[in-house]
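Let's take a walk through this protein together. Please keep the sequence and the 3D view open as we go.

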Amino acid sequence: MEVLNLGILAHVDAGKTSLTERLLYAAGVIGEVGSVDRGSTQTDTLALERQRGITIKSAVVSFAIGDLTVNLIDTPGHPDFIAEVERALSVLDGAVLVISAVEGVQAQTRVLMRTLQRLRIPTLIFVNKLDRRGAQYATVLDQIARRLSPAIVAMGEATRLGTPDAAFKPIIQDDALLELLAEHDDELLRAYVDGARLEPDALQRALARQTYAAQVHPVYFGSAITGAGTDALTDGIRDLLPRARAADGPLDATVFKVERGPAGEKIAYARIFAGTAHLRERIHFGTTGPNQAGPNQAGRDETARNEAKITAIELYGNDGATPAHTAPPGRIAKLWGLTDVRIGDRITDLRNITGDNRRIVSGNFAPPTLETVISARTPSQKGNLRAALTQLAEQDPLINLRQDDLRQETYVSLYGEVQKEVIESTLGTDFGIEVDFRETTTICIERLVGTGAAAEVKKKDENPFLATVGLRVEPAPRDAGVSFELDVELGSMPYAFIKAVEETVRETLRQGLHGWQIPDAHVVMTHSGYSARQSHAHAVFDKSMSSTAGDFRNLTPLVLMTALRQAGTTVHEPMHHFQLEIPTDTTRAVLATLARLRAIPQVPALAAETSTLEGEIPAAAVYELEQALPALTRGEGVLESAFERYQPVTGAIPERARTDHDPLNRREYLLRVQRRA
């Protein structure tokens, strides 16, 4: 069976969900075309998706084009859900990028196209809404060539634009196609220079080869509502996009989605890249390299591996997801039995627990840069809210939770304001919990300035714990994470105590001197000591005379904070790279606003009508710039922004409220941990 795992991507409201409905209808999967406006589409299953007409969670549906089975993954287009988009891209063989013939190329369209090109995913372009008033043909083609890629070929001509009778006639200009293809093929270049004419079949094969290699992007026009041009697009999907490759060898798969079943069990959506998954087979899953999901991301150990048995398999095919005993390579499957599975995990069989990490999805995600406090409107639902948020975080690893036990508050990290609505709607619909949000704030990080060391010895220097701990903290390279090293003999005390110190070090570094996470640090344990287990004559364990892991967990934060004070830290705020396309006559006003928002623009690229501004802007100011831009540019400005880096904060240092027992205040800390407060 030939399989194509296809993604549909687009800017918000370009019509990708409507196109999905049209393709399913044409394939006979559904009896009528669903409507986003009526909330009757197949792939938008969340209540908020139907209400707002946007796609939030990626959905998998299947249909057939002749002997080809297409697993179609309908992905979000809103910039707040770019993490969902990147997860879906990791499992694709090809993509269709949808553009509105009315609005043309939008900012998010360009972000998506850059990602597709970076990952070298073969891509067809479908210009939708040809029947809408204001639809354009030549203008949109020019925008695509200028803003997305010059390597495009129009696969036909559009007629009767802006009317219900709008149509697309598949016609290819052989000379223009040969000229484009010759840029990537020396043989075709010689034929072009010699003036030779190639047979249409030869040109079609060359077009398919270069589309496979993501060197050329065929462009189709049409309307998902009326069906115009969708037949030509279907032919292009069948003829110009590569099939899923069936690689032999050990099992190798990637989880790109996790959801809960009716009984609360976890269901993992996985793309099988190589080998075959078998029912009741024991497999490994987890990450195999550094966790690069970004600062403030809760997760397992960077080399976490888990073992479990696959208890059920459903395989996607022409009849949707159906029970199966095996999941062969190239296919998308739903797997049961992986209790601790998370999005981005790599699945391997027991013979293949090592290897590269190229398919770990989470490595491409920028960190969320916003944070807010979420609370239940009904106090009695506090516990239920925590459990519900934990379940949501399982389904999306970029939803990070931070619990403040002292104030009984829960913090949740965000990419944008729309995520608040999604979380609120999901909690209300799926869990019956109504919530409120506090004002959104920016997430900063701390970086070490120098090296610091400290030690506390048991029974000395007002140390109330039966433990000796010495630590040295050193700066680590950017994105290196936190590493822990022993400068004491491994047998100097029980391993459980050493492990308690290491785990507490990692937990404590989530809140530095100013309350922000320290994502990169090298920590060395320089001193150790403990009191051996002692019992009275009647063999009752005496905790007052014997060290416990709790002694080391309680002492470590005090020692580490003393070392951090000696080393010093600086607070860094997240910066976004931005690109603005604005009317040239508005450049001065826009530059003045950028200066007020502490942006750092480069030299403007001025042109007669439209100019481009690039630079960096604090993440905290992006939303304000988005709000101000329409008034500054008469509604013509286009903004693209994405997380770029962290830079030191200038001016007042932002402080983050601590959620621990505050080891910076020794007296209060000791009162709290010893429960005398």
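Is alanine 214 buried or exposed? With a relative accessible area of 17%, alanine 214 is buried, where buried means under 20% relative accessible area, exposed over 50% and partly exposed in between, with a 1.4 Å probe and protein chains only. Its phi is positive, near 60°, in a residue other than glycine, and it lies in the loop between α8 (200-212) and β9 (217-221).

Before going further, a word on the model: it is predicted, so local features need pLDDT of at least 70 and side-chain atom pairs count only at pLDDT 80 or more, while totals for chains, interfaces and linings use all residues. Residues are numbered from 1 along each chain as its sequence is written, and side-chain values use heavy atoms, with hydrogens and water left out.

Now step back to the whole chain. It has 16 helices and 33 strands; these are DSSP runs numbered from the N terminus, helices being H or I of at least four residues and strands E of at least two. Of its 677 residues, 55% count as buried.

Arginine 598 sits in the loop between α14 and β31 (600-601), and at 41% relative accessibility it counts as partly exposed.

Next, look at helix α15 (residues 619-632). Its 14 residues reach 20 Å from first C-alpha to last, close to the 20 Å expected at 1.5 Å a residue, the expected span being 1.5 Å times one less than the number of residues. At leucine 625, α15 bends by about 30°, the bend being the angle between axes fitted to the seven residues ending there and the seven starting there. Ala619, Ala621, Val622, Leu625 and Leu629 of α15 are buried. The buried residues of α15 pack against β30 (569-583), α14 (587-596), β32 (610-618) and β33 (638-648). Arginine 634, with a positive phi near 60°, follows α15.

Finally, turn to α1 (residues 16-26) and α9 (residues 230-240), which pack at an angle of about 80° with axes 11 Å apart. Here axes are lines fitted to C-alpha atoms over the stretch in contact, and angles run from 0 to 180 degrees between N-to-C directions. The two helices α1 and α9 are therefore roughly perpendicular, a label for angles of 65 to 115 degrees. Leu19, Arg22 and Leu23 in α1 meet Thr230, Leu233, Thr234 and Ile237 in α9, contact meaning heavy atoms within 4.5 Å.

Technical notes. Parallel < 35°, antiparallel > 145°, perpendicular 65-115°, else oblique.
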